[in-house]
Amino acid sequence: MTHTSWSRLALGSWHTWDRMPHDEGVDLFRAAVTGGARLFDVGSYNMGPHEEGSETDVLFGAIARDSGLDRDAWQLCWKLWLWTWPAEPLAVQLDRLEQRAGYDRAELAILGDFVGELDVERVVGEVGELLRDGRIGAWGVNNWSAQDIGRADDAARAAGLPGPALAQLKYSVCRRSVAEGAPWRALLDERGIAIQASDVFEGGILAGGAAATRRIGMDTGAIREQIRAGAPALAQIARDEFGATPGQLALAFCLANPDVASVLFGVSRRAQLDDNLGALALAAEHGPALRARVEDHWLDRGVVDPGASWGTTREEAVAATPPR
């Protein structure tokens, strides 16, 4: 699929479908598909640092089926973690996801983050089997370094396989150094691999939930408290200068970057989804001006390594990652 084939907005499953009643989930799913968020990122949160006993993948499958929408109306992305690989092959993990969610075809699979060294050629070989079997239509990676994804693209080409289509990266008004850094700029220019922005709300902080206490992703560069402190100013800019909500500004900032093919976010109720869908119009009408206006809120500039996975070094990532 091409850069423009992906839904501009995508809905994640982490702390999404397990935070609402079934009928509300069905309503939200329908509204997402019809409103412009047609890509759904679905993973199993039961391994590595995500060992939570979550049922969100099971719940998603039931909700999608009960929506009554044709399968061709929306796009499915499996999240395949590497925490237990290679002891557990990708195909085995995919078997479990398909059984739990009840779908055996996905337009995309995203290979999750990893720390330490990775046998890229072996991983790509397993991805190739999934592609050849028609179980996935394309693949990408989550928080890999530009160097590692370049290696993966080389390995795929050497094997006669399509390379990664998307790189899911932490990217927001405040976290820009990796996605906009020179290593990724070169990768995008030379190989055409687009970005899927993730963690755009910083766990809800940049969507107006400055007091959010639920679990949030890794705080690369230890800037979360700065993000929290600056959130009210961003909310005021959104409201006073663009007639928008904080969540709409956060999404529109990413949507207005032409290197971004899709923006991934999470919600827990229909009102949040309806609000977030307004970011599409905001980006179209005010994208460049909005991005220029929030330039001073780039908080990880000079703090993280733009060439490293997660914007941090392997050693720092290992130290910050719970044991398997």
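# A tour of the predicted model

Start by selecting alanine 73, which sits in the loop between α2 (56-66) and β3 (75-80). Keep in mind throughout that this is a predicted model. Alanine 73 is partly exposed, since its relative accessible area is 28%. Now show its surroundings. Leaving out residues up to four places away in sequence, alanine 73 touches Val33 and Arg38. From alanine 73 to threonine 34 is 39 residues in sequence, but 8.8 Å in space, C-alpha to C-alpha.

**Stop two: aromatic rings**

Turn on the side chains of Phe, Tyr and Trp. The structure holds 14 aromatic pairs. Pick phenylalanine 29 and phenylalanine 60 from these. Their ring centres are 5.9 Å apart and their planes meet at 65°, so the pair is edge-to-face. Phenylalanine 29 and phenylalanine 60 are both buried.

Move on to tyrosine 171 and phenylalanine 253. This aromatic pair is tilted, with 5.6 Å from centre to centre and 50° between the planes. Tyrosine 171 is in the loop between β6 and α6, while phenylalanine 253 is in helix α8, so the pair ties together parts 82 residues apart in sequence. Both tyrosine 171 and phenylalanine 253 are buried.

Now select Trp17, Phe29, Phe40, Phe60, Trp74 and Tyr103 together. Ring pairs link these residues into a cluster.

**Stop three: the nonpolar cores**

Which residues touch the most other members of the largest nonpolar core? Select Phe40, Trp78, Trp139 and Phe265: these four do, in a core of 93 residues. Colour α8 next; α8 contributes the most to this core, with 7 residues. Another core lies apart from it and has 12 residues, including Trp6, Ala165, Leu166 and Ala261. As background, nonpolar side chains in soluble globular proteins tend to be buried together.

**Stop four: strand β8**

Select β8 (260-265). Is this strand largely enclosed or open? β8 is largely enclosed by the rest of the structure, because 6 of its 6 residues are buried. Bring in its partners. Strand β1 (residues 9-11) pairs with β8 in the parallel sense, over 3 bridges. Strand β7 (residues 194-198) also runs parallel to β8 and pairs with it over 3 bridges. Then centre on valine 263. Leucine 9 stands opposite valine 263, and alanine 197 has valine 263 as its bridge partner.

Step back to aspartate 259, in the loop between α8 (246-255) and β8. Aspartate 259 has 17% relative accessibility, so it counts as buried; the cut-off for buried is under 20%. A polar contact of 2.4 Å joins the side chains of arginine 185 and aspartate 259.

**Stop five: salt bridges**

Show the charged side chains. The whole structure has 28 salt bridges. Select arginine 175 and glutamate 202, whose side chains form a salt bridge of 2.8 Å, N to O. This pair links distant parts of the chain: arginine 175 is in the loop between β6 (166-170) and α6 (182-191), glutamate 202 in the loop between β7 and α7 (224-242), 27 residues apart. Arginine 175 and glutamate 202 are both buried.

Go next to glutamate 241 and arginine 293. Their side chains also meet in a salt bridge, at 2.8 Å, N to O. Glutamate 241 is in helix α7 and arginine 293 in helix α10 (residues 279-293), so far as sequence goes 52 residues apart. Glutamate 241 is partly exposed at 43% relative accessible area. Arginine 293 is partly exposed too, at 36% relative accessibility.

Now find helix α9 (residues 270-277). Aspartate 274 forms a salt bridge with arginine 270; their closest N and O atoms are 2.8 Å apart. About one helical turn separates the two, because they are 4 residues apart in this helix. Aspartate 274 counts as partly exposed at 38% relative accessibility, and arginine 270 counts as partly exposed at 33%.

Finish by selecting Arg176, Glu180, Arg291, Glu295 and Arg301. A network of salt bridges links these residues.

Methods
Residues are numbered from 1 along each chain as its sequence is written. This is a predicted model: local features need pLDDT of at least 70, side-chain atom pairs count only at pLDDT 80 or more; totals for chains, interfaces and linings use all residues. Side-chain values use heavy atoms; hydrogens and water are left out. Buried means under 20% relative accessible area, exposed over 50%, partly exposed in between (1.4 Å probe, protein chains only). A polar contact is a pair of N or O atoms within 3.5 Å; within protein, one must be able to donate a hydrogen and the other to accept it, and residues adjacent in sequence count only if both atoms are side-chain atoms. A nonpolar core is a set of buried Ala, Val, Leu, Ile, Met, Phe, Trp, Tyr and Cys residues joined through side-chain atoms within 4.5 Å. Contact means heavy atoms within 4.5 Å. Two strands pair if DSSP finds at least two bridges between them. A salt bridge is a side-chain nitrogen of Lys or Arg within 4 Å of a carboxyl oxygen of Asp or Glu. Rings of Phe, Tyr and Trp (its six-membered ring) pair if their centres lie within 6.5 Å; planes under 30 degrees apart count as stacked, over 60 as edge-to-face and the rest as tilted.
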